[in-house]
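Hello,

Here is the structure you asked about. My notes follow below it.

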Amino acid sequence: MASFPAGACCLEGYAHHGEPAGTLTKYTDFDIYVAKPAVATDKAIVYLTDIFGMPFTNHKLLADNFAQQGFLTVVPNLFYDDHVPFPRPDDFKLFPDWIQRHQPEHTEPIIEKTFEFVKKEFPAITKFFAVGYCYGAKYVVRLLDEGKLNAGYIAHPSFVTEEELRAIKGPLSIAAAETDSVFPEEKRHQSEVILKEIQATYNIVLYSSVEHGFAVRGDLSNEIVTWTQETSFWQAVQWFTRFSK
């Protein structure tokens, strides 16, 4: 695999404080958080979350930040009402039951309907991007195989297979933590080799002194973590801006 399955580090993190500015809407049978930019745009980000899902405030706040940079940003509820609660109960187990309920055959129809929603409700959108954190990273990589994205960005990925990474056809940016049992050094290097072999357009940025989850649920009382979360956010914005023209 290009990254390992989710582990204990995927269940840890910090909730961030703030009041989301977007709106919640229902499309078919699931909810979507919609963050609109102040001015009209032709660019959209499909934001694919970690296992804590769209209801986790951190994701809504980050979506708002992307909208402030001129991207319509939509966050589908990938798990209906079955997201991992935050903070998680002590007796919660990720494997095997929860993971088995959220395989590609369960998640990808929701993502497909999210694209359908954007095209229907926002017909001015002509450029599509996607961000994926941890669990969501796998599906950004898979979308890059399908040719649906102008570019993709993933942070501290999990569950990505070598075959999925080798199949991408669009630009990919990766934000990695120095300490990460799910995307450790050997997997980073293995991913580099694959991306070079297929002559992909890519970049990989390694952030020191942080752990898995830093880009979305790090401890913002820690100056280093705050800096790396902000910098990894701008990494995504700059990557998408590059491929918006």
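Strand β2 and its sheet

In this predicted model, β2 is mostly covered, with 5 of its 6 residues buried (buried means under 20% relative accessible area, exposed over 50%, partly exposed in between, with a 1.4 Å probe and protein chains only). Strands (E, at least two residues) and helices (H or I, at least four) are DSSP runs, numbered from the N terminus. The model is predicted, and local features need pLDDT of at least 70, side-chain atom pairs count only at pLDDT 80 or more, and totals for chains, interfaces and linings use all residues. Residues are numbered from 1 along each chain as its sequence is written, and side-chain values use heavy atoms, with hydrogens and water left out.

On one side, β2 runs antiparallel to β1, joined by 5 bridges; two strands pair if DSSP finds at least two bridges between them. Tyr 27 has Phe 30 of β2 as its bridge partner. The hairpin of β1 and β2 has 2 residues between the strands, and Thr 28 takes a positive phi near 50° there.

β2 (residues 30–35) also pairs with β4 (residues 72–76), antiparallel over 4 bridges. Val 74 in β4 is the bridge partner of Val 34, and Thr 73 in β4 stands opposite Ala 35.

Helix α1 (residues 57–68) lies across β2, β3 (43–48), β4 and β5 (127–133), at about 40° to β2. Angles run from 0 to 180 degrees between N-to-C directions, with axes fitted to C-alpha atoms, for helices over the stretch in contact; contact means heavy atoms within 4.5 Å.

The open sheet has 8 strands in the order β1-β2-β4-β3-β5-β6-β7-β8, with mixed pairing. Its edge strands, β1 (23–27) and β8 (202–211), each pair on one side only.

Regards
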